[in-house]
Amino acid sequence: MFVYSLKSFVTSGVSSRLKRCLSRGFLTSQQTQCFGTACTMEYEDFKDKRALVTGAGKGIGRAIAVKLANLGAQVYAISRTQTDLDSLKQQVPSIDTRLLDISDWDITRKAVEDIGPIDFLVNNAAVIKRTPFLEVTKEELDDQHTINFRAAFNITQVVTRGMVSRGTGGVIVNVGSISGIRTTNNRSCYGTSKAALNMLTMSLAHELGPKKIRANSVNPTVVWTNMGEGGWKDPKLKAAAMAKIPIGRFALEDDVVNATIYLLSEKSSMINGVILPIDGGMINSYL
Ligand code: NAP
């Protein structure tokens with residue numbers, strides 16, 4: 001039995017991320033303590049199972065890959081920067097890292113087929129370019145839709161065909177965004193790619209549920225990764241965004257990790273097709 005204890009919480013690098021959030025004022029020390037004790041959930045679902053995580057070189061995808069490996073899964077981590085994969089391998093040697101740019105349809109299909117059977121799929125890789133609608137270029141639109149939506153569609157098709165032919169079933173979590181549910185400035189490409197991903201999630205839940213495959217999505221508000229920092233560096237924008245979140249802080253990588261692990265696990269066996277906001281109540285609020 002695996003207990004995600006405070007000890008593994010500290011050794012998995014979560015503690016340094018929490019300290020960073022604390023020092024930047026995203027969390028109070030009381031919130032940090034609550035967060036620490038909230039991580040004692042037990043999961044036995046992942047031992048000796050095979051999990052594929054895209055965009056696992058940095059940020060949220062990396063944190064999900066590390067957590068799945070700590071829970072006993074054989075993790076395949078896809079990303080497109082070798083140095084990120086090298087440091088991930090150094091951090092968790094059991095993780096099988098694969099250098100791959102998932103924007104290429106055919107190469108990606110072959111690479112995912114070569115990995116073999118997968119029980120848990122996390123479509124996490126994404127890019128964002130924040131441009132006013134009137135200035136968006138064809139390249140920007142293609143880039144964001146190709147990586148954020150089409151690649152997830154492609155990979156999911158390969159993985160779920162295997163699940164269906166083996167009759168084993170499986171679970172998919174797509175990493176969406178609040179920007180796929182609500183809109184704000186300069187998100188016309190990114191937001192539409194995430195909305196498409198959410199509709200894919202619902203389509204998969206509907207069509208593949210009868211074949212023992214569940215699909216759900218997690219949809220964070222700002223998370224202080226490279227991507228999150230890129231959009232909210234301006235102190236005024238940051239304060240305005242945070243003021244709209246009833247919980248009073250941005251999301252942590254581990255808020256997304258914990259929801260993802262729950263949705264992948266048997267504890268959520270009746271949850272299928274859900275578009276789950278991880279936003280501290282932000283989109284629920286009128287003012
Ligand atoms: P991140 O720090 O930028 O990490 C994204 C990872 O995906 C990187 O390792 C990146 O590799 C990889 N990647 C991007 N394009 C790829 C491609 N074509 N092929 C293979 N790998 C690729 O982003 P993050 O903040 O962790 O975001 C993770 C997920 O959360 C994304 O789906 C994002 O849309 C979603 N999300 C993030 C936020 C936020 O505020 N951070 C909010 C809502 C939703 P390279 O660095 O080498 O390009």
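Tutor: We will go through a helix, some backbone angles, one serine and the nonpolar cores. This is a predicted model, in which local features need pLDDT of at least 70 and side-chain atom pairs count only at pLDDT 80 or more, while totals for chains, interfaces and linings use all residues. Residues are numbered from 1 along each chain as its sequence is written, and side-chain values use heavy atoms, with hydrogens and water left out.

Student: What span should helix α7 have, and how far apart are its end C-alpha atoms?

Tutor: Helices (H or I, at least four residues) and strands (E, at least two) are DSSP runs numbered from the N terminus, and the expected span of a helix is 1.5 Å times one less than its number of residues. Helix α7 covers residues 138-166, and because it has 29 residues it should span 42 Å, which agrees with the 40 Å between its end C-alpha atoms.

Student: Where is the kink in α7 centred?

Tutor: A bend at a residue is the angle between axes fitted to the seven residues ending there and the seven starting there. In α7 the kink is about 45 degrees and is centred on Thr146. Just after this helix, Gly167 takes a positive phi of about 75 degrees.

Student: Is Ser179 buried or exposed?

Tutor: Ser179, which lies in the loop between β5 and α8, counts as buried because its relative accessibility is 17%. Contact means heavy atoms within 4.5 Å, and, not counting residues up to four places away in sequence, Ser179 touches Arg187, Tyr190 and Gly191.

Student: Which residues touch the most other members of the largest nonpolar core?

Tutor: A nonpolar core is a set of buried Ala, Val, Leu, Ile, Met, Phe, Trp, Tyr and Cys residues joined through side-chain atoms within 4.5 Å. In the largest one, with 34 residues, Phe46 and Leu68 touch the most other members. The elements giving two or more residues to this core include β1 (50-54) and α4 (59-70), and α4 gives the most, with 7 residues. A second, separate core of 25 residues includes Tyr76, Leu100, Ala152 and Ile155.

Note on methods: Buried < 20%, exposed > 50% of the residue type's maximum accessible area, 1.4 Å probe, protein only.
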